[in-house]
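Me: I have a model open and want to understand the labels used for it. Can you take my questions in turn?

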Amino acid sequence: MGIYLNPENEGFWESVRSEIYVDKTGLIAYTNQCLNTKQKFICVSRPRRFGKSMTLEMLAAYYSRGCSSKDLFRELKIGQEKTFQENLNQFDVIFLNMQQFVIEAKKKEVTEYLEEEVLDELREEYGEFFKPQETGLAAALRKIYVKTKKKFIFLVDEWDSVMRERQESEELQKQYLDFLRNLLKDQPYVALAYMTGILPVKKYGIHSALNMFQEYSMTDQSFLEEYTGFTETEVQKLCEQYGMDYRETESWYDGYMFTDFRHIYNPRSVVEAMRRHKYSSYWTSTETYDALKVYMDMDFDGLRADIVKMLGGEHVRVNTLSFQNDMRNFKTKDDVLTLLIHLGYLGYDSEAEEAFIPNKEIIREFENAMSVGGWTEVMRVLKASEQLLQDTLLCDGESVAEGLDKAHTEVSSILSYNDENSLGCAIGLAYYSARKDYKLIREFPTGRGFADVVFLPLPSSKKPALVVELKYDKTAAAAIRQIKDRNYTQALWGYTGEILLVGINYDKDCADKPHSCVIEKVEKQA
């Protein structure tokens, strides 16, 4: 019926009719449970291009009185739920895209422009219940409710646009938060409020205007994990349908990790890879790497070291609780890393409270950001990693040791070697280019301990697997013996073919050539 009030369902129809549509309508069963309860305030924050707007179009198509959507939803998951008919197209919906209001407001205040636009449509439907000269949206909705007892569902897209695009104006942000609080909090006309954005809502300085919202963010999606991106099962089905290799898809787009769903995929990238039948950086191509570089270059003690560790395949501890949920006020490196989690540049393991670079697509974006300056030493290591891999595949242990010596010299100002774990991080960085053809696994479980680093070849690479054991102040030969004695190669389930056993030792007292390396070739039978 309108743009803001009771929109029609064309947007969601387009999604369902698209070449690839993954059914996420099970989310509606959850929002139905929340209607007219204390849990009716929901804020879901995800990175850009993770289906936020599509979700709101879905909810609008289901709830809005401005359309008839029975045929649209009948064959989808929500169509099998007992609450399907009860709430289908039964509510007045107010749909607000905050990015639109931020862009179009121009000289007016954002909230003033929003109220004018929505009230124009509200008068057409309910003008008899409030005076034309009244401009307050909340006041008008209260009067409508008193006269009709009708409740509204509020769907707010890009709720945090004001915070992200007007970062310098704290007064505007406070005014906007006060507006949302007055519009939604403790108002009798609210049946459900569902907001989406990139940032969570809790804290902006000391102002906590929206504390009534239940938050579902990239650090804790709780009940909504399976609706955050594509699940492992959904991607496996798509790979089968489109004839794409699942392990290759996994290496490119997997890595967002939650409590129950440990493998969540970037939906935009998976869709584009399937459609084009080609693996590439589809998500990161929608924004310049400058957005990442700004945060990588922030001068917080330990931030550069943590980024280098993650480039080497390591996970780093992060305290996400100090983050003020904005893009301006940073006090520690943990605040920066937490923002990168919300932006989608880092994955997060909530159980271990650790961040990591999730996949090949994202690691390329880090490389792009470093390539334009400020990370010279690291870039030299990354560029030399191709030769290091070639030397390894040729079983040239002496050249590998020399390459590791050079890599260590380059990053010694950022990373210090204290034990086998720190050595493992540096090895992962030195073999950076191997990510093109391999999946790197740190602490690979073998049944008789853990292999320090395993490089599993992707199906398209046709390269041997690498089992790497690291020693600190011992010998490379001792590393090889441990691989054999503990039969680490037997843990490579499903892999047959050539395996290179790589033993690496670091001798802290040998200043000229601290690394030594022994490489042996074996065959694993089926």
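Me: What makes up the lining of the second largest pocket, by class?

Reply: The lining has 9 nonpolar, 7 polar and 10 charged residues. Ala, Val, Leu, Ile, Met, Phe, Trp, Tyr, Cys and Pro count as nonpolar, Asp, Glu, Lys and Arg as charged, and the others, Gly among them, as polar. This is a predicted model: local features need pLDDT of at least 70, side-chain atom pairs count only at pLDDT 80 or more, and totals for chains, interfaces and linings use all residues. Residues are numbered from 1 along each chain as its sequence is written, and side-chain values use heavy atoms, without hydrogens and water.

Me: Which residues lie nearest the centre of the second largest pocket?

Reply: His315, Ile357, Pro358, Lys439 and Leu440, out of 26 lining residues. Strand S11 (438-445) is one of the elements that give two or more residues. S11 gives the largest share, 6 residues. A strand is a DSSP run of E, at least two residues; a helix is a run of H or I, at least four; both are numbered from the N terminus.

Me: Why are H18 and H19 called roughly antiparallel?

Reply: Their axes cross at roughly 170° and come within 10 Å. Angles under 35 degrees count as roughly parallel, over 145 as roughly antiparallel, 65 to 115 as roughly perpendicular and the rest as oblique. Axes are lines fitted to C-alpha atoms, for helices over the stretch in contact, and angles run from 0 to 180 degrees between N-to-C directions. H18 and H19 are therefore roughly antiparallel.

Me: What classes of residue form the contact of H18 with H19?

Reply: The contact has 7 nonpolar, 3 polar and 4 charged residues.

Notes:
1 Å grid on protein atoms, 1.4 Å probe; cavity = no way out; pocket = protein on both sides within 12 Å on 5 of 7 lines; lining within 4 Å.
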